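Here is a short briefing for a reader who is new to this structure. Look over the sequence and the 3D view, then read on by topic.

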Amino acid sequence: MNDFFSKVFELWGGNISSISDSLYDYGIYSTIGMVMFFVCIAIPLIYYKLWDPIGLNKPKHWAIIMFSSALFVTLVGFLYAFNEFNYEDLGFEFFDYLSWILTLFLYSSLFVSIFSILVFRFISTNNRKNPV
Amino acid sequence: MSNRKLFLFCIGGTGSRVLKALTFLLASGVKIDASQVIPIIIDPDRANGDVNRTIEILQKYQSIHNKISYEHNRFFQTPIATLNSLQAIGNNNEKKSKTAGFRFGIDGTKDGRFRDLIDFEQLDPPNKALISLLYSKSNLDAELKVGFKGNPNMGSVVLNKFTQSQDFIDFASRLDQNDRVFIVSSIFGGTGAAGFPLLVKNIREPQKKLPNTERVRNTKLGAITIKPYFGVAPDPTSKIDKGTFISKSKAALAYYANNLSGDNKSLNALYYIGDTQTTDYPNNEGEEAQKNHAHVVEMISALSIIDFMSIPDEKLEVIDGKATKPIFREYGIVENSPNLRFRNLGNKSKLAVQQTLTQFTYAVQYWRKNLKKFPQEPWVSRGKTKFEDAFLSQDFYSTDLIQFCMRYVEWLEEMEQNQRSFKPFNLEGDLLHNMIAGIDQKKKGILRKREWGFTQYEGYLNAAERDMAEYEPINKFMNLFYKATEKIYEDRIAN
């Protein structure tokens with residue numbers, strides 16, 4: 001699982017940063033990868049099926065909710081890595097995490113959008129046409 | 001569905017207003033045990049405002065009904081037909097009934113005066129003297145095109161012509177074995193008070209040979225006679241005086257006791273209703289100005305028609321033109337309040353009308369307040385049948401449905417403004433949680449809120465559309481609103 005997510009987050013070698021090796025060595029890729037996968041499924045499922053709000057069925061509402069879930073994953077990913085590396089006293093600066101944060105945010109946004117637009121909106125009653 | 005038709009004679013202005021109330025009840029989906037309702041309006045006052053309003057509403061109802069199917073929808077479900085549209089029983093070659101619409105003419109009343117109708121000038125002196133004893137000069141000179149102005153003594157002569165008319169023969173030839181007849185009239189006016197016993201007599205003892213004479217004689221016959229429930233303002237120039245309403249009612253009741261009930265047993269069921277709380281309407285002798293506000297007595301009278309149709313056949317047996325077990329019913333409200341709500345109706349009445357009228361009113365509120373153009377909601381654009389704004393300018397919606405709904409709202413508002421008032425709904429505002437007067441709706445949602453409005457309404461429409469089969473636009477539209485309002489009632493109101 002760690003190998004798989006490392007390839008995904010490192011874009012198959014195209015996105016190596018100073019903390020990439022540490023993210024792999026400490027198994028953070030797999031942990032955060034699972035968190036991202038879970039959140040990108042759970043949030044659309046809740047929004048479209050369990051909640052399915054009639055008053056929040058405009059594209060802007062969808063965008064806020066999906067953006068918030070991507071932000072949540074990014075925050076979790078960053079804080080988890082930051083705490084782990086600080087504990088191990090690896091001496092990384094905030095700038096070293098920037099690539100990891102950006103990658104996480106983009107991937108979360110992409111996956112939550114794919115799951116909501118291509119899968120979960122079709123099980124909705126009030127938001128089937130949201131955002132497209 | 002039942003296979004029996006209801007022939008509904010509505011006599012005079014009160015008869016028309018009760019028919020109007022019945023039409024609105026049927027539009028809301030109130031169930032009646034009849035395959036068709038055939039209204040027959042009898043009123044010589046051709047310009048009568050109440051009659052013309054009722055005919056307009058009936059025509060709109062028919063136009064709407066003919067365009068809808070009824071897999072999921074009960075709004076406008078019961079067919080209302082003209083006599084002309086029926087085929088004579090057992091005679092497929094018979095020409096259509098002369099009268100194309102709902103109102104039946106009475107020969108000799110279009111123009112001319114009462115004296116002309118009875119050929120007063122041709123009478124010999126003894127008969128002239130007798131007639132002059134029975135009728136005043138103003139009676140003799142009365143113009144018949146405005147009705148009888150509260151004089152049943154005139155009405156009884158004039159309306160006799162109806163029972164000898166081709167229209168009556170056409171009715172007789174279309175009455176089937178299982179069909180029923182119901183007569184609506186007031187007891188304190190002119191046309192109804194005269195026409196009711198005449199009609200009963202000519203059904204039970206036809207003066208001339210009718211098609212299906214025995215079937216007509218033995219038909220199941222019900223009636224409601226409506227006692228005074230409004231007055232008219234004093235006017236020395238008018239021939240109508242509310243001071244005579246009670247005495248006329250007493251005289252009529254005495255006649256009915258001897259000639260319609262008692263040993264006579266002409267009627268299978270006779271309903272009575274009236275009210276002690278009255279409003280004085282403007283004293284209009286007829287024609288277009290006679291346009292009385294709707295009254296809850298008329299709505300409850302319409303319920304008597306539904307009640308009559310629900311009585312099993314074995315309780316309405318007729319042998320040789322006499323009812324074997326005549327039924328007599330009056331109506332009482334729960335709590336004598338000047339302002340009635342649904343809770344003031346008896347349980348049976350409430351069961352008959354509360355849900356259906358509520359559903360229909362929710363639908364009407366959405367159409368008139370929230371549907372200037374279609375919203376961007378799944379129920380509008382999901383599925384093969386999508387709604388375009390052009391639908392709202394088509395005849396079905398803009399000419400028929402919305403116009404009908406405006407009359408319905410007008411009817412509700414008139415009943416609210418009358419005395420005794422009936423206000424089942426609060427129609428102002430956009431919050432729908434308090435639309436039903438006197439009923440607290442259920443709290444819903446995580447936050448346990450009672451308040452809801454058109455946003456939540458869209459959710460019900462989306463849910464209703466979700467599982468709906470494909471229909472063409474008009475049917476999808478009506479089915480959607482019926483299902484959505486049914487779910488609203490189930491979710492938020494039903495116990």
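Of the 132 residues in chain A, 44% are buried. The model is a predicted one. Chain A has 5 helices and 0 strands.

**Chain A overall**

- The order of elements along the sequence of chain A is α-α-α-α-α.
- A box of roughly 50 × 25 × 20 Å, taken along the principal axes, holds the C-alpha atoms of chain A.
- Contacts in chain A with a separation of 6 or more come 73% from residues 24 or more positions apart.

**Where chain A meets chain B**

- On the chain A side, 12 residues are in contact with chain B, and on the chain B side 11 residues take part.
- About 810 Å² is buried between chain A and chain B. Carbon and sulfur atoms give 54% of this buried area.
- Within chain A, the residues that lose the most area to chain B are Ile54(A), Thr125(A) and Lys129(A). Together they account for 58% of what the chain A side buries.
- The chain A residues that touch chain B comprise 3 nonpolar, 6 polar and 3 charged ones.
- How many salt bridges does the rule find across the interface of chain A and chain B? The count is 0.
- Polar contacts do occur across the interface of chain A and chain B: the rule finds 5 residue pairs, with both residues at pLDDT 80 or more.

**Backbone features in chain A**

- Most residues other than glycine have a negative phi, and most peptide bonds are trans.
- Leu11(A) sits in the loop between α1 (2-9) and α2 of chain A. Its relative accessibility is 44%, so Leu11(A) counts as partly exposed.
- The loop between α3 (28-51) and α4 (59-87) of chain A holds Asp52(A).
- Is Asp52(A) buried or exposed? Asp52(A) counts as buried because its relative accessibility is 10%, and the cut-off for buried is under 20%.
- Pro131(A) belongs to the segment after α5 (94-118) of chain A.

- Arg420(B) is in the loop between α15 (395-417) and β13 (421-422) of chain B.

- Ser22(A) is part of helix α2 (residues 20-25) of chain A. With a relative accessible area of 11%, Ser22(A) is buried.
- Which residues does Ser22(A) contact, leaving aside its neighbours within four places in sequence? They are Phe85(A), Leu90(A) and Phe92(A).
- Phe308(B) belongs to helix α12 (residues 296-310) of chain B. Its relative accessibility is 0%, so Phe308(B) counts as buried.
- Beyond its neighbours within four places in sequence, Phe308(B) is in contact with residues including Arg180(B), Val181(B), Phe182(B), Ala269(B), Tyr271(B) and Leu316(B). Lys220(B), Leu221(B) and Gly222(B) are also among its contacts.
- From Phe308(B) to Glu414(B) there are 106 residues in sequence and 26 Å in space, C-alpha to C-alpha.
- Asp491(B) lies in helix α17 (residues 473-492) of chain B. A relative accessible area of 18% makes Asp491(B) buried.
- Setting aside neighbours within four places in sequence, Asp491(B) is in contact with Lys442(B), Lys444(B) and Tyr460(B).

Conventions:
Residues numbered from 1 in each chain as written. Chains lettered and ligands numbered in written order. Predicted model: local features only at pLDDT ≥ 70, side-chain atom pairs only at ≥ 80, totals over all residues. Heavy atoms only, no water. Contact = heavy atoms within 4.5 Å. Buried area = accessible area lost by both parts, 1.4 Å probe. Salt bridge = Lys/Arg side-chain N within 4 Å of Asp/Glu carboxyl O. Polar contact = N/O pair within 3.5 Å; in protein donor to acceptor, adjacent residues only side chain to side chain. Nonpolar A, V, L, I, M, F, W, Y, C, P; charged D, E, K, R; others polar. Helix = DSSP H or I, 4+ residues; strand = E, 2+ residues; numbered from the N terminus. Buried < 20%, exposed > 50% of the residue type's maximum accessible area, 1.4 Å probe, protein only.
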